Amino acid sequence: MTILDMSDSSPSNSVDQTTFPTEHSIAFLTREITRNYTRNLQNAIAPYGILIGQYHFLRVLWEKDEITQRELAATVGMKESTTFTALAGMEKQGLLTRKRDSDDRRKMTVKLTDKGRGLKPKLIPIAKAVNDRPLKGLTPEQVSDLKAMLEILRNNLAGEA
């Protein structure tokens, strides 16, 4: 039996809809999981002088370097003003450079430095270890089912936006 088989198809799962206890809230559980992942990853990467917000920008830039600041903000899901401040700090740390587009002065292109690129082989294994830690005891099929269900949740929520 897979994880998908273990629940009925009704959203209520016999939960009293007038009280809705916290332990029955998927939103509460996912928030707690996200907070724990974030805290664990922040603690793990702190020795490298990287904050969790900076790590999210680095992850995007490791996959697609030399993108506009606007594109980076959208991909990470942060406001442009927050992104501007974070990138200014990362530039001071020598992790990236920002350059105005010669054709369109409104565009700012972000590019990793060697120092920023050099963090990838150090931080990715750390992030993978943090990501994999709570999956101990789950079979590969259960992990696959969990990912599939989380994607369904994400897609259902995105459809509501």
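This is a predicted model: local features need pLDDT of at least 70, side-chain atom pairs count only at pLDDT 80 or more; totals for chains, interfaces and linings use all residues.
Residues are numbered from 1 along each chain as its sequence is written. Local features need pLDDT of at least 70, side-chain atom pairs count only at pLDDT 80 or more, totals for chains, interfaces and linings use all residues, and side-chain values use heavy atoms, leaving out hydrogens and water.

**Stop one: helix α6**

Select residues 120-132, which form α6 (helices are DSSP runs of H or I, at least four residues, numbered from the N terminus). Now show Leu 123, Ile 126, Ala 127 and Val 130, the buried residues of α6; buried means under 20% relative accessible area, exposed over 50%, and partly exposed in between, with a 1.4 Å probe and protein chains only. They cover an arc of only 100° around the axis, so they sit on the same side of α6; the arc is taken from the directions from the helix axis to the C-beta atoms.

Then turn to the face away from the buried side, where you will find the exposed Pro 121 and Lys 128.

**Stop two: salt bridges**

The term means a side-chain nitrogen of Lys or Arg within 4 Å of a carboxyl oxygen of Asp or Glu. These two residues are 4 apart in α6, about one helical turn.

Next, select Arg 98 and Glu 91, whose closest N and O atoms are 3.0 Å apart in another salt bridge. Arg 98 is buried at 17%, while Glu 91 is partly exposed at 29%.

Finish with Arg 31, Glu 32 and Arg 35, linked in a salt-bridge network.

Terms used. The expected span of a helix is 1.5 Å times one less than its number of residues.
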